[in-house]
Amino acid sequence: MSARLEASSEPYDIAIVGGGMVGASLAVALEGLGVRTALIEAVPHDAAAQPSFDERTTALSNGSRCILDTLGVWPHLADAATRIAKIHVSDQGHFGFARIDAAELGRNALGYVLPNRALGAALWSRLSRRSDLDIFCPARVTALSIGEDAVEIALADPRERGVLRSRLVVAADGIDSAVRAAFGVGVETRDYGQTAIITTVLPGKFHEHVAYERFTSTGPLALLPIADGRCTLVLTLTAATAEAAMSWSDGQFLSEVQARFGWRLGRLLKVGRRRAYPLSLSRAERSSSGRCIVIGNAAQALHPVAGMGFNLGLRDVASLAELVAERRGELDTVAAVYDSWRAADRREVIAFTDGLVRVFASPWGPVRRLRNLGLLAFDLLPPAKAALSALSTGAAGRIPKLARGVPIRAAS
């Protein structure tokens, strides 16, 4: 699928480095906006080694579903997605709990759970045979040279080496973004000292499209409904316990999960292959620098406790595409406006997610009592539930058109 590197004095308008879930979504969103785009990705989307489109699942908010639907991607995903009708949040060993019901909010679903592989296939199927897009895959960025009018990007692929030029570069290359670093954007990181073990389990009772979030003394546990009555399990443990858990037998692993989760879904019968992922908060100091815009995990990588990481990244995509449509003739101005637009949403979602981790990890008695009272109060207050549900379109600031179901068009 890789395009040929050919010498040209005419630069691309936009070069996206990283073709994972967020980078590929941006490439789709830019279609028809009158910009010439390059997409650079080191690993083909259907390769076993592609980390973005592996066996994991992603929780999509209603706002994200709306973005994908407006882009024409959702019809290719709907059959693979599992609806979340209710969310149940509890704190192990304590009386507090909270429930959110889509029907009570007048909605068909609170969100959806989607296999990453299905998302990758749907996005990349939209990228072939486009005259406004050149794909360089597999290809690695080996160097960046920032000029006055464009950025030179040195590439290497299995066949050749060469340089392409672009007026704007988008860093969508993940938490350890080399592009972000090349543009001098610093990053703040916080190691949570936790590891998420992700797998699938088959419970004895049907999940009834309920997503469970349970806070335990060793970290949060999530069970998300997926196809065939199974659930995706995200089990957060201390790093040392997680290392041991990866060597447990299936029977011991299921017993440990059962002890933490309880019996709401009956006995847990089977478990799939386990994978471990260390958890940390990574936050770029800013989301733009000169001719570079930073999106997705390169801008912010969150704890999975609230399932907001990809949803926040998809709003990055929707916002950037809208600005490109508005300012196609003056792309040099996009970065500063983008940074200002995304600041509030990024700040609020990062604070909300990090706050959840801190509050529910605290062993201090008064904090534990307050958080349980808080869960009960939340359960009794419909406005609070509606406010949390509204996070699906953005925590603060301007809501992108795509998240409101409004297609974007290039300015005339």
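Helices (H or I, at least four residues) and strands (E, at least two) are DSSP runs, numbered from the N terminus. This is a predicted model, in which local features need pLDDT of at least 70, side-chain atom pairs count only at pLDDT 80 or more, and totals for chains, interfaces and linings use all residues. Residues are numbered from 1 along each chain as its sequence is written, and side-chain values use heavy atoms, with hydrogens and water left out.

**Exercise 1. The chain as a whole**

State how many helices and strands the chain has, and what percentage of its residues count as buried.

Solution. 
- Step 1: there are ten helices and 20 strands in the chain.
- Step 2: buried means under 20% relative accessible area, exposed means over 50%, and partly exposed lies in between (1.4 Å probe, protein chains only).
- Step 3: the chain has 412 residues, and 52% of them count as buried.
- Step 4: a contact means heavy atoms within 4.5 Å. Taking contacts between residues at least 6 apart in sequence, 73% join residues at least 24 apart.

**Exercise 2. Strand β1 and its partners**

Find the strands that pair with β1 and describe the crossover from β1 to β2.

Solution. 
- Step 1: β1 covers residues 12-17, and six of its six residues are buried.
- Step 2: two strands pair if DSSP finds at least two bridges between them. β11 (residues 161-171) runs parallel to β1 and is joined to it by five bridges; in this pairing Ile16 stands opposite Val170.
- Step 3: β2 (residues 37-40) also pairs with β1 in the parallel sense, over four bridges, and here Val17 stands opposite Ile40.
- Step 4: between β1 and β2 the chain passes through helix α1 (residues 21-29), and this β-α-β crossover is right-handed. The term means that, with the strands pointing away from the viewer, the path from the first strand over the helix to the second runs clockwise.

**Exercise 3. The surroundings of Tyr12**

Which ring pairs with Tyr12, and which charged end sits over the ring of Tyr12?

Solution. 
- Step 1: rings of Phe, Tyr and Trp (its six-membered ring) pair if their centres lie within 6.5 Å; planes under 30 degrees apart count as stacked, over 60 as edge-to-face and the rest as tilted. The whole structure has four aromatic pairs.
- Step 2: in one of them, the ring centres of Tyr12 and Phe136 are 6.4 Å apart and the planes stand at 90°, so this pair is edge-to-face.
- Step 3: a charge sits over a ring if NZ of Lys or CZ of Arg is within 6 Å of the ring centre and within 35 degrees of the ring normal. The charged end of Arg36 meets this for Tyr12, at 3.9 Å from the ring centre. Elsewhere, the charged end of Arg274 sits over the ring of Phe253, 4.5 Å from its centre.

**Exercise 4. Backbone exceptions**

Locate a cis peptide bond and two residues other than glycine with a positive phi.

Solution. 
- Step 1: most residues other than glycine have a negative phi, and most peptide bonds are trans.
- Step 2: the bond from Cys137 to Pro138 is cis, with omega near 0°. Pro138 lies in the loop between β8 and β9 (140-146), and Cys137 counts as buried because its relative accessibility is 6%.
- Step 3: His209 has a positive phi, near 60°. His209 is in the loop between β12 (187-203) and β13 (210-216), and is partly exposed at a relative accessible area of 22%.
- Step 4: Asp228 also has a positive phi, about 60°. The loop that holds Asp228 lies between β14 (219-225) and β15 (231-238); with a relative accessible area of 69%, Asp228 is exposed.

**Exercise 5. Strand β13**

Describe the two sides of β13 and name its pairings with β5 and β14.

Solution. 
- Step 1: in a regular strand the side chains alternate between the two faces of the sheet.
- Step 2: in β13, Val210, Tyr212, Arg214 and Thr216 point one way, while Ala211, Glu213 and Phe215 point the other way, and all are buried.
- Step 3: β5 (residues 86-91) runs parallel to β13 with six bridges, and Val89 stands opposite Glu213.
- Step 4: β14 runs antiparallel to β13 with five bridges, and Arg214 stands opposite Leu221. β13 and β14 form a hairpin, with two residues between them.
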